[in-house]
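Please look at the sequence and the structure before reading on.

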Amino acid sequence: EWPLLGWGLLFLILSSAAMLAYPHFIKSIIDEALTTKNRHQLNMAALLAFGLFVVQSFTGALRYYFFTVAGEKTVKRLRARLFHQVITQDMEFFDKHKTGELVGRLSSDTAVLQNALSVNISMMVRGLAQGLGGLVMLFLTSAKLTAFILLIIPPLGFLAARFGKKVKSLSKSSQDALAVSSGVAEEGISGVRTVKAFAQEGFEQARYEDRLERSFLLSKTKIRLIAGFTNTASLVGFSALVFVVWYGGILVVENELTVGTLTSFLLYVITVAFSMGMLSSLWTDFMSAFGASGRIFELLEEYPVIQRDPLKGEHPKFETVEFKHVEFSYPARVDFPVLKGVSFTLKRDETIAVVGHSGSGKSTLVQLLMRFYDVKAGELLIDGKPIQSYSVQALREAIGLVAQEPVLVSESLFDNIRYGK
């Protein structure tokens with residue numbers, strides 16, 4: 001999103017420059033216009049200060065717009081990519097991950113990132129620009145007073161780094177616990193007929209509340225950390241401001257500073273303090289975003305073993321389908337083989353009925369034929385060639401499947417009927 005970010009950066013520079021120039025005009029009003037009692041000079045200084053505020057507000061709005069739109073577009077693309085990554089995984093992947101957990105990644109984790117990459121990133125860049133610019137202006141205004149302020153920044157930075165590491169870890173654990181609770185809720189809602197048939201609404205409620213409680217306790221610990229850090233940073237900041245006023249007053253009494261210079265310096269201190277305060281509050285949000293992004297990138301970097309590239313492999317003609325001594329067990333239950341030495345051949349225009357009790361592997365045969373899974377031993381041949389030599393896309397497009405429990409997508413009846421095409 002460099003074009004949008006480039007415009008945002010331009011307006012950020014203009015907005016910050018206008019904000020940093022304002023205290024200088026206040027100094028001019030106090031030291032020159034009021035001292036000489038020159039009304040024309042006073043009017044011009046006030047008019048210029050007002051003009052700076054107009055420029056600052058206009059460019060500030062444009063900065064917010066460009067940075068926020070860039071963030072929203074980034075998150076939209078990330079969500080689409082994450083969904084594509086999930087939906088193209090093997091069945092093995094879905095055996096390991098609960099549906100509710102994956103939906104939680106798409107909704108809650110990306111929502112945390114959305115907040116960080118849209119509004120917060122704009123505020124962070126503004127805070128950094130105004131904070132650093134304010135420090136430069138502080139040096140130019142009074143090096144003596146600035147030297148003291150710089151003494152308190154390294155300890156605060158060290159404290160913020162340690163604090164951020166803890167918040168990041170807690171945020172990740174909290175989001176993980178929330179994803180687990182989403183998985184429990186999804187199980188209860190999707191299996192609501194079973195829940196009601198056994199009158200287990202109370203059990204499902206208790207199960208969901210237990211997972212929520214775990215997430216809440218982690219969030220509570222994180223909130224306590226944030227409160228402690230904010231309190232410490234605030235105390236140090238206000239103490240420094242009191243010292244600046246006291247020491248600055250001494251410099252004014254000793255004629256080393258003018259009243260206007262001290263006022264200008266205090267305005268710069270307030271600007272820097274406001275920027276640092278904004279950055280410290282945003283720090284916790286960014287640490288939460290780092291925790292959420294870790295889980296998102298775990299999914300983005302997980303690629304299916306069975307690739308679905310439609311350009312690779314032959315297209316099957318289905319003259320024959322042959323199972324040769326096939327053995328198979330599901331990844332989640334490797335110690336319990338479903339198929340043991342299964343062999344049969346199916347030719348074109350033949351009809352075969354596979355009969356057996358529940359769990360004997362009837363549906364498994366179909367899932368292997370559609371290559372949801374690969375056989376563990378033996379061979380599955382189509383037209384005399386291993387199933388792996390065919391394009392997965394073409395293989396599945398050539399097979400019609402009527403599931404035991406049909407699923408409808410939330411589109412029109414016409415869209416559901418033609419779903420296979």
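The following paragraphs describe a predicted model, taking helix packing and then salt bridges.

**Helix packing**

Two packed helices are described by the angle between their axes and the distance between the axes. Helix α2 (residues 39–87) packs with helix α4 (residues 99–141) at an angle of about 160 degrees, and their axes are 9 Å apart. Because an angle over 145 degrees counts as roughly antiparallel, α2 is roughly antiparallel to α4. The crossing of α2 past α4 is right-handed. In the contact of α2 with α4 there are 16 nonpolar, 8 polar and 5 charged residues.

**Salt bridges**

Side chains of opposite charge can pair when their charged atoms come close. In the whole structure, 11 salt bridges are found. Among them are the following.

| Salt bridge | N to O distance |
|---|---|
| Arg 77 and Glu 1 | 2.9 Å |
| Glu 187 and Arg 207 | 3.0 Å |
| Arg 207 and Glu 204 | 3.1 Å |

Arg 77 lies in helix α2 and Glu 1 in the segment before α1, 76 residues apart, and the pair links distant parts of the chain. Arg 77 is partly exposed, with a relative accessible area of 46%; Glu 1 is also partly exposed, at 24%. A network of salt bridges links Glu 1, Lys 73 and Arg 77.

Glu 187 belongs to helix α5 (residues 143–190) and Arg 207 to helix α7 (residues 201–253), 20 residues apart. Glu 187 is partly exposed at 30% relative accessibility, whereas Arg 207 counts as buried at 18%. Within helix α7, Arg 207 and Glu 204 are 3 residues apart, and therefore about one helical turn separates them. Both Arg 207 and Glu 204 are buried.

Methods: Residues numbered from 1 in each chain as written. Predicted model: local features only at pLDDT ≥ 70, side-chain atom pairs only at ≥ 80, totals over all residues. Heavy atoms only, no water. Axes fitted to C-alpha atoms, helices over the stretch in contact; angles between N-to-C directions. Helix = DSSP H or I, 4+ residues; strand = E, 2+ residues; numbered from the N terminus. Parallel < 35°, antiparallel > 145°, perpendicular 65-115°, else oblique. Left-handed = near helix turned anticlockwise from the far one by under 90°. Nonpolar A, V, L, I, M, F, W, Y, C, P; charged D, E, K, R; others polar. Salt bridge = Lys/Arg side-chain N within 4 Å of Asp/Glu carboxyl O. Buried < 20%, exposed > 50% of the residue type's maximum accessible area, 1.4 Å probe, protein only.
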